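Please open the structure in your viewer and keep the selection panel at hand.

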Amino acid sequence: MKRFLLILTVILVAAGCCSCGGGETKNTRVFYEYFDTVTEITAFGETKEEFDRVTGEIENILKEYHRLADIYNEYYGTNNLCTVNKKAGKEPVKVNEKLLDLIEYGIQAYSVTNGQTNIALGAVTKLWHQARQKGNELPKEESLKEAAKYCNIEDIVIDRQNSTLFLKDEKMSLDLGAVAKGYACEMAAKFLEDEGK
């Protein structure tokens, strides 16, 4: 019987709930490159060739969402979150439909959590990122209060017809750190389900 396990931070996705016999083949692969976390995939009862094929597809999924959600780096041929944040308040950015889906997921998370999960907090999280890079320094309270003025989730404009994303406020930025890992893991789980794993 086959079983795949995908571990991404604290998220566990198991496809196939059959117990493992003692004689089943076990294959494991670990990625360190995506979402600043460790991803481990373990499969029981798969041939090495099938395991490599499936984990290669999972790696492609994680890599794609890692790049789409990246707020620090742009990638050739892709408009990602870094691109969108740079164009805030200036112009809509044509983006991949998958990024639009991810942004909508983040907006839904805001609604479901009564605002406790806010992908529009980029102006605030940026201050924390900068402070972390400096060492033991904390952001100044007045700076945090000022940045909090530019975190309105309603200032995110999605145009599905033109496949664009626009941030109304030029001081606004998005940060998908609260949702991107889990979402990418869900997409990997969907792939496994579609594969019958």
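**Aromatic pairs**

This predicted model holds 3 aromatic pairs. For the first stop, select Tyr65 and Tyr183, which form an edge-to-face pair with 5.5 Å from centre to centre and 70° between the planes. The pair links distant parts of the chain, for Tyr65 lies in helix H1 and Tyr183 in helix H6, 118 residues apart.

Are these two residues buried or exposed? Tyr65 has a relative accessibility of 5% and therefore counts as buried. Tyr183, at 8% relative accessibility, counts as buried too.

**Helix H1 and helix H3**

At what angle do the axes of H1 and H3 cross? They cross at roughly 70° and come within 10 Å. H1 and H3 are therefore roughly perpendicular to each other. To see the contact itself, select Glu64, Tyr65, Leu68 and Ala69 on the H1 side, and Lys98, Leu99 and Leu102 on the H3 side.

Another residue of helix H1 to select is Arg67. With a relative accessible area of 35%, Arg67 is partly exposed. Leaving aside neighbours within four places in sequence, Arg67 is in contact with Tyr75 and Asn80. A distance may also be displayed here: the C-alpha atoms of Arg67 and Thr78 are 8.4 Å apart in space, while the two residues are 11 apart in sequence.

**The sheet of three strands**

Next, select strands S5, S6 and S7. In what order do the strands stand in this open sheet? The order is S5-S7-S6, and the pairing is antiparallel. S5 and S6 stand at the edges with a single partner strand each, so one side of each has no neighbour in the sheet. Helix H3 packs on the sheet, where it touches S6 and S7, and the direction of H3 makes about 135° with that of S6.

The pairings can be followed one by one:

- S5, residues 93–94, is joined to S7 by 2 bridges; select Val93 to find its bridge partner in S7, Leu165.
- S6, residues 156–159, is joined to S7 by 4 bridges; select Ile158, whose bridge partner in S7 is Leu165.
- Select Asp159 as well, whose bridge partner in S7 is Thr164.

The hairpin of S6 and S7 has 4 residues between the strands, and Ser163 takes a positive phi near 55° there. Then show the side chains of S7: Thr164 and Phe166 point one way, Leu165 and Leu167 point the other way, and all are buried.

In soluble globular proteins, nonpolar side chains tend to be buried together. The next selection shows such a grouping in this chain. The largest nonpolar core has 39 residues, and Ile103, Ile156, Leu174 and Leu176 touch the most other members. Colour the elements that each supply at least two residues of this core: strand S4 (39–44), helix H1 (48–69), helix H2 (81–86), helix H3 (97–112), strand S7 (164–167) and helix H6 (180–194). Which of them gives the most to this core? H1 does, with 8 residues.

Centre the view on Leu174 and display its surroundings. Not counting residues up to four places away in sequence, Leu174 touches Ile71, Leu81, Asn85, Ile103, Ile119, Ala120, Gly122, Ile156, Leu165 and Leu167.

**The whole chain**

The chain has 6 helices and 7 strands. From the N terminus on, its elements run β-β-β-β-α-α-β-α-α-α-β-β-α. What percentage of the 197 residues count as buried? The figure is 44%. Among contacts between residues at least 6 apart in sequence, 60% join residues at least 24 apart. The pair at the first stop, Tyr65 with Tyr183, links distant parts of the chain, 118 residues apart.

Methods. Residues are numbered from 1 along each chain as its sequence is written. This is a predicted model: local features need pLDDT of at least 70, side-chain atom pairs count only at pLDDT 80 or more; totals for chains, interfaces and linings use all residues. Side-chain values use heavy atoms; hydrogens and water are left out. A nonpolar core is a set of buried Ala, Val, Leu, Ile, Met, Phe, Trp, Tyr and Cys residues joined through side-chain atoms within 4.5 Å. Buried means under 20% relative accessible area, exposed over 50%, partly exposed in between (1.4 Å probe, protein chains only). Contact means heavy atoms within 4.5 Å. Two strands pair if DSSP finds at least two bridges between them. Axes are lines fitted to C-alpha atoms, for helices over the stretch in contact, and angles run from 0 to 180 degrees between N-to-C directions. Rings of Phe, Tyr and Trp (its six-membered ring) pair if their centres lie within 6.5 Å; planes under 30 degrees apart count as stacked, over 60 as edge-to-face and the rest as tilted. Angles under 35 degrees count as roughly parallel, over 145 as roughly antiparallel, 65 to 115 as roughly perpendicular and the rest as oblique.
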